[in-house]
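Me: I am new to this protein and would like to go through it step by step. Please begin with a single residue and its surroundings.

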Amino acid sequence: MEAALAAMRGPEAGVSGDTVAPSESKVCEELWAAVPGAVLVNNVLTEAECRILAGHVKDLHTSKGQCKESSKPRRKSQHHHPIRVSHQCLGGICDRLRPFCPETAGPQNSARLTATSTYISPFLRCYYYKPGDFSAPHFDKSFTEHIVDPDTKKKGRLRQFSSYSVLIYLTSDFLGGETTFFHKEGVRISKSGLTPVRESEGGGERSLDVNYRVQGKAGDVLLFPHGNHSGCHPNPLHEGSILQRGEKLLIRTDLVFSPSLDGRKKRRKKIRR
Ligand SMILES: O=C(O)CCC(=O)C(=O)O
């Protein structure tokens, strides 16, 4: 996986001489209206790159076996295995996606995208869905990293956090399996804050009101907001809808932001007032 990602170069060329020309998808205005902050970018990866990465995702699933339900169930279904790669191997995809990424964590949050080559989290969740598989409705959680005092081990200020999910679609030849966003007005949320209550009561996704469906194709990348940091876009309720035919493979990661000194000063001033 690491080598396949490292082989991806900047926007001008993919592997085996194929060129990529990432561009905002035609559906972007509609998508943004339904899910503020979301952007679908087409042609970020070439077909060859998708084939190679999909092969690695499948190998990972073969070597690690079936995804187990976690002992602390977060969702009814999870069809991914996580892996950690180096920041260096993500340089090519960072270059290709940069023009489509938000500068700050949210419209009213001044935290800035971390350095050019490290703003995509190297923690990758590799999904492999087969017919009948789905990811139940949920909210994505922001990861946070604090400065830790080396002596006391106490957590200090926030060093960085994620506020966007990144879905890299690797296959197209499937039916169903959309990334579906729901209206969340009136939906009761579980104590964890990550799933609707109805899911655990057995109602499932069928009781939710669909807001927008994204049918990602191989090479497309979907960015959408997540977490609950102040000043960020609302966190959309979504699912990986049930796959009817074929195989859906994708890699999910996050965009990472660093709180700006300015933002911290402003917050301190507000507190003092
Ligand atoms: O499979 C999908 O389309 C969605 C995956 C998902 O919901 C997630 O990674 O948070």
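Me: Is Asn-43 buried or exposed?
Reply: In this predicted model, Asn-43 has 20 C-beta neighbours inside 10 Å. A residue with 20 or more such neighbours is classed as buried. Asn-43 therefore counts as buried.

Me: Where does Asn-43 lie, between which elements?
Reply: Phi of Asn-43 is near 55 degrees, which is a positive value in a residue other than glycine. The residue is placed in a loop, with strand E2 (39–42) and helix H3 (47–64) as the elements on either side. The place asked for is the loop between E2 and H3.

Me: Is Lys-153 buried or exposed?
Reply: Lys-153 also has a positive phi, near 65 degrees, and is not a glycine. Its place is the loop between strand E8 (144–148) and E9. Because 7 other C-beta atoms lie within 10 Å of Lys-153, the residue is exposed.

Me: How many helices and strands does the protein have?
Reply: The protein has 273 residues, and buried residues make up 38% of them. Among contacts between residues at least 6 apart in sequence, 79% join residues at least 24 apart. The count of elements is six helices and 16 strands.

Me: What is the C-alpha to C-alpha distance between Ala-4 and Glu-49?
Reply: Ala-4 is found in helix H1 (residues 2–6), and with 17 C-beta neighbours inside 10 Å it counts as partly exposed. Leaving aside residues up to four places away in sequence, Ala-4 touches Ile-52, Leu-53 and His-56. Ala-4 and Glu-49 are 45 residues apart in sequence, yet their C-alpha to C-alpha distance is 7.6 Å.

Me: In what order do the four strands of the open sheet stand, and which strands are at its edges?
Reply: The four strands pair in the antiparallel sense, in the order E7-E14-E11-E12. Strand E7 (135–138) and strand E12 (210–214) each have a single partner strand, so one side of each is left without a neighbour in the sheet. From one strand to the next, the twist averages 15 degrees. The order is thus E7-E14-E11-E12, and the edge strands are E7 and E12.

Me: Which residue in E12 stands opposite Phe-181?
Reply: Strand E11 (residues 179–182) and E12 form an antiparallel pair over four bridges. Opposite Phe-181, the residue in E12 is Tyr-212.

Me: Which elements give two or more residues to the shell around the ligand?
Reply: The residues around the ligand are Tyr-127, Ser-135, Asp-140, Ser-165, Leu-167, Thr-179, His-238, Gly-240, Leu-250 and Arg-252. The elements that give two or more residues to this shell are strand E9 (155–169), strand E14 (237–240) and strand E16 (248–258).

Me: How many residues of each class does the shell around the ligand have?
Reply: Asp-140 and Arg-252 are among the residues around the ligand, and Asp and Arg count as charged. By class, the shell has three nonpolar, five polar and two charged residues.

Me: What pLDDT does the protein average?
Reply: Over residues 69–75, pLDDT stays under 50, and the model has five contacts beyond four places in sequence for them. Residues 199–205 likewise stay under 50, with ten such contacts. Across the protein, 85% of the residues score at least 70, and the average pLDDT is 88.

Methods: Residues numbered from 1 in each chain as written. Predicted model: local features only at pLDDT ≥ 70, side-chain atom pairs only at ≥ 80, totals over all residues. Buried ≥ 20, exposed ≤ 12 C-beta atoms within 10 Å, placed from the backbone. Contact = placed C-beta atoms within 7 Å. pLDDT = per-residue confidence, 0-100. Near = placed C-beta within 6 Å. Pairing = 2+ DSSP bridges. Axes fitted to C-alpha atoms, helices over the stretch in contact; angles between N-to-C directions.
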